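Biologist: I would like to go through some labels and ask what each one rests on. Please set the values against the cut-offs.

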Amino acid sequence: LRVVHDVKVQAVNEILEKDLEDADAASPNGGEGAGGGARALLLLALQSPYEIRLQFLRAEDFNEGSAVERMLRYWRMGQRLFGPTFRKRTCIKLDDIDDCSELIRIRKARLMPREDNCGRSVIILRQEKTSNDKRTIPSLPGLSSEEITSKGITPNHYAKVIWYMLQAASEREPCQKNGLVALLDFQTVPNISDWNKFRAYRQATVNVIDCFPVKVRAFHFIFGPDLPWWQRFMGTAVAATLTLSIRRRVVVHSGPIEGTVAKLEDEFGIGADNLPVGLGGTIDDEYVARWFEDRRSKGL
């Protein structure tokens, strides 16, 4: 297996080196002209450790060309979100996303404690409240579109939180090898007005997933039992914003939460002991709070 990995990583190197030659030809002085910006990204990709390049290959099912494209998106996005120092310290810490405290408070994204039966990490992504629906998911507060706007929360804040959670998942060796699954909690879906307001926020999430060096094996959309059909249709329409490769991995659940929990365990190997209380599981907010506190105390 190591020999295969070496061959694939070498193929990535060759593509990067060829692209670097083309960038140098387009910008002989190394500036930010026709090839200067691309050159800087290519150099960062070439200087990345062997294991990182291997992670990009795994995320793209070992397609070298796709892995290179993902690497360049990753470096471009990382510098846009976290500034030019990102190139020197690719490990993002909680201190780097302090401006996202509101999204952390409402548990916009959460990493569950264990892998599923296939050894994949489990991440929960939570949909926002509707502006005319005062319900909240059990034990958790919510934010409406008006509250998000008034608190100055931007799509970049969403992207930073998702980035941090994907990074935390990829610290686990099983996730590096097997990838992860994402559960999207759509027990409340915005009305049409809110839906349009959240478009850029949804796209920011997709952009991070599309560049990070981890394979998302499946997306589970989970709807509540009391939503009218048109709201479920709006929720399902999120899939239209995803890339084709992502859409092929979408699973939709609806109906009583008890049935969804049973299906997740029986058919997908995700037990109730690895789901949050709001999705019919046993992981409460105290666990999530301790998880954040533990990481912050360790400087993560």
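Biologist: In which helix is R58 found?

Modeller: This is a predicted model. In it, R58 lies in helix 3, residues 50-59.

Biologist: Why is R58 said to have no salt bridge?

Modeller: A salt bridge needs a side-chain nitrogen of Lys or Arg within 4 Å of a carboxyl oxygen of Asp or Glu. For R58, which is buried, the nearest side chain of opposite charge is E51, 4.7 Å away. That is beyond the cut-off, so the pair does not count as a salt bridge.

Biologist: What makes the pair R58 and Q55 a polar contact?

Modeller: Their side chains are joined at 2.8 Å, and the limit for such a pair of N or O atoms is 3.5 Å. Leaving aside residues up to four places away in sequence, R58 also touches H5, Q176, K177 and K215.

Biologist: How do you know that the span of helix 4 agrees with its number of residues?

Modeller: Helix 4 covers residues 64-82, which is 19 residues. At 1.5 Å a residue they should span 27 Å, and the end C-alpha atoms are 27 Å apart, so the two agree.

Biologist: What is found at the start of helix 4, and what just after it?

Modeller: At the start, a side-chain oxygen of N63 comes within 3.2 Å of the backbone nitrogen of G65. Just after helix 4, G83 has a positive phi of about 90 degrees.

Biologist: Which residues of helix 4 are called buried?

Modeller: Among them are R70, Y74, W75 and F82. The label requires under 20% relative accessible area. In the chain, 52% of the 300 residues are buried.

How values were computed: Residues are numbered from 1 along each chain as its sequence is written. This is a predicted model: local features need pLDDT of at least 70, side-chain atom pairs count only at pLDDT 80 or more; totals for chains, interfaces and linings use all residues. Side-chain values use heavy atoms; hydrogens and water are left out. Helices (H or I, at least four residues) and strands (E, at least two) are DSSP runs, numbered from the N terminus. The expected span of a helix is 1.5 Å times one less than its number of residues. Buried means under 20% relative accessible area, exposed over 50%, partly exposed in between (1.4 Å probe, protein chains only). A polar contact is a pair of N or O atoms within 3.5 Å; within protein, one must be able to donate a hydrogen and the other to accept it, and residues adjacent in sequence count only if both atoms are side-chain atoms. Lys and Arg count as positive and Asp and Glu as negative; His and the chain ends are not counted. Contact means heavy atoms within 4.5 Å.
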